[in-house]
Amino acid sequence: MEKYEHITKMEHILNTHTEKLQTLNEILDFIEAHQADYQSLIQYYYSEQRNCDLADDENGLIPKTLNRGVLSEDAIYDLMTDYYQTGLRMLEVAHSALKTS
């Protein structure tokens, strides 16, 4: 059986990469389909409405039971940075993958 262990190893690589590429494509489909939502979040981040919401929160007018992560200092900014860094990484990985194909 040792003679054909490489087949088992290659089969595992094939199956793992096939599965992960399918997952990646599902994620890319989601990101592509929800770009408008993401853009509206970015617009909100820079909007006068968010400034008003921040003031209302500081004045205790927004119920404490309401989820309001969008009003935190860093949540939206961190997401924007993550999108940027992930985009750069995807370009680098794609470039490498295309060079070896």
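Contact here means heavy atoms within 4.5 Å. The structure is a predicted model.

**Stop 1: Met 80.** Select Met 80, which lies in helix H4. Display its surroundings, leaving aside neighbours within four places in sequence: Met 80 is in contact with Tyr 38, Ile 42, Tyr 45 and Tyr 46. Is Met 80 buried or exposed? Its relative accessibility is 17%, so Met 80 counts as buried; the cut-off for buried is under 20%. Met 80 and Gly 60 are 20 residues apart in sequence and 28 Å apart in space.

**Stop 2: Arg 50.** Go to helix H3, residues 48-58, and pick Arg 50 within this helix. Tyr 45, already on display as a contact of Met 80, is also touched by Arg 50. Not counting residues up to four places away in sequence, Arg 50 touches Tyr 44, Val 70, Leu 71, Ser 72 and Ile 76 as well. Which side chain of opposite charge is nearest to Arg 50? That side chain is Asp 53, 7.4 Å away. Arg 50 is buried yet has no salt bridge.

**Stop 3: Glu 73.** Move to the loop between H3 and helix H4 (75-100), where Glu 73 is found. Glu 73 has a relative accessible area of 72% and is therefore exposed, the cut-off for exposed being over 50%.

Note on methods. Residues are numbered from 1 along each chain as its sequence is written. This is a predicted model: local features need pLDDT of at least 70, side-chain atom pairs count only at pLDDT 80 or more; totals for chains, interfaces and linings use all residues. Side-chain values use heavy atoms; hydrogens and water are left out. Helices (H or I, at least four residues) and strands (E, at least two) are DSSP runs, numbered from the N terminus. Buried means under 20% relative accessible area, exposed over 50%, partly exposed in between (1.4 Å probe, protein chains only). Lys and Arg count as positive and Asp and Glu as negative; His and the chain ends are not counted. A salt bridge is a side-chain nitrogen of Lys or Arg within 4 Å of a carboxyl oxygen of Asp or Glu.
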